[in-house]
Amino acid sequence: MGERGSYLLGGAIGLSLWPWRATVRIESRGRHRLGAPACLAFWHGRTIGLLMDFLGCGAVAMASRSSDGALAAGALAAAGVRTARGSSRKGGGEALVEMEEIVRAGSPFAALTVDGPRGPWRVVKPGIVVLARRLGVPVIPGTFSCRGSRLLRSWDRMVIPRPFTRLVTVYGEPIPADELPDRIEDACDLIGRRLDELTSEIDREVAGRELWTGA
């Protein structure tokens with residue numbers, strides 16, 4: 001298809017989020033925590049519900065330099081989210097610099113799928129720690145769950161909200177940049193634990209089970 005074709009297809013997908021969002025009943029908890037510059041951390045499989053919650057907000061996210069990344073960049077642009085192109089495998093450093101500049105220029109927050117773009121599943125990569133420290137802003141763990149969903153058999157266990165479902169987004173307690181452990185591996189582990197705890201808790205409340213395990 002090529003990068004341009006992938007970007008255009010992604011744009012069509014992103015545009016579909018607006019009418020899809022209109023069918024979903026969203027309850028947002030802790031959304032005020034994104035009122036000041038921050039780094040929002042979330043698992044790749046929990047992207048769609050969060051994106052529905054901040055459509056058109058002007059945040060900045062990272063998309064890889066692959067054709068899949070072009071698809072994601074097109075979808076994000078149509079959803080009103082800016083993108084910096086790069087990943088842990090290629091161009092990640094340049095993308096983090098671009099994200100830093102965009103946040104300093106007034107973007108409300110940086111959104112990172114911390115185990116993306118291709119895993120390992122639920123393993124936090126160091127980019128968010130680096131960016132939070134550069135900006136001097138907190139890391140906010142974010143997630144969502146919903147009563148009606150489809151769970152894809154993909155590496156990230158992507159949760160797809162069904163139309164007309166109740167969807168709850170949660171933005172947890174901020175982790176200030178200066179309170180992250182000095183060792184980057186320990187900082188990543190801390191963020192991962194907070195995300196897992198938050199996701200398991202809201203899954204059990206809203207869906208009645210942990211969606212990623214079926215338990």
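Author: In this predicted model, a residue counts as exposed when its relative accessible area is over 50%, as buried when that area is under 20%, and as partly exposed in between.

Reader: What class does Arg157 belong to, and why?

Author: The relative accessible area of Arg157 is 31%, a value that falls between the limits of 20% and 50%, and therefore Arg157 is called partly exposed. Arg157 also has a positive phi, about 55°, although it is not a glycine, and its place is in the loop between β7 (149-151) and β8 (159-161).

Reader: How do you know that the length of helix α3 agrees with its number of residues?

Author: Helix α3 runs over residues 67-78, which makes 12 residues, and at 1.5 Å a residue these should span 16 Å. The C-alpha atoms at its ends are 17 Å apart, so the two values agree. After α3 comes Gly80, whose phi is positive and near 80°.

Reader: Which residues of α3 are buried, and what do they pack against?

Author: Gly69, Ala70, Ala73, Gly74, Ala75, Leu76 and Ala78 are the buried residues of α3, because buried means a relative accessible area under 20%. Their packing partners are α1 (2-23), α2 (47-53), β3 (60-63) and β4 (82-85).

Reader: What makes a group of residues a nonpolar core, and which members of the largest one touch the most others?

Author: The members must be buried residues of nonpolar kinds such as Val, Leu and Ile, joined through side-chain atoms within 4.5 Å. The largest such core has 29 residues, and in it Ile128 and Ile191 touch the most other members. At least two residues of this core come from each of β2 (39-42), α4 (92-104), β5 (110-113), α5 (127-135) and α6 (184-206). Beyond its neighbours within four places in sequence, Ile128 is in contact with Cys39, Leu40, Ala41, Leu112, Val114, Val139 and Ile191. There is also a second, separate core of 28 residues, with Phe42, Ile48, Val159 and Tyr171 among them.

Reader: What is the volume of the largest pocket, and which element gives the largest share of its lining?

Author: The largest pocket has a volume of about 1,100 Å³. It is lined by 43 residues, of which His44, Thr47, Met62, Ala72 and Thr113 are the closest to its centre. The largest share of this lining, six residues, comes from α3, and the lining as a whole divides into 25 nonpolar, 14 polar and four charged residues.

Terms used:
Residues are numbered from 1 along each chain as its sequence is written. This is a predicted model: local features need pLDDT of at least 70, side-chain atom pairs count only at pLDDT 80 or more; totals for chains, interfaces and linings use all residues. Side-chain values use heavy atoms; hydrogens and water are left out. Helices (H or I, at least four residues) and strands (E, at least two) are DSSP runs, numbered from the N terminus. The expected span of a helix is 1.5 Å times one less than its number of residues. Buried means under 20% relative accessible area, exposed over 50%, partly exposed in between (1.4 Å probe, protein chains only). Contact means heavy atoms within 4.5 Å. On a 1 Å grid over the protein atoms alone, a cavity is a set of points where a 1.4 Å probe fits but cannot get out, and a pocket is an open set with protein on both sides within 12 Å along at least five of seven lines; lining residues have an atom within 4 Å of a point. Grid points are joined across faces, edges and corners, and a volume is the space filled by probe spheres set on the points. Ala, Val, Leu, Ile, Met, Phe, Trp, Tyr, Cys and Pro count as nonpolar, Asp, Glu, Lys and Arg as charged, and the others, Gly among them, as polar.
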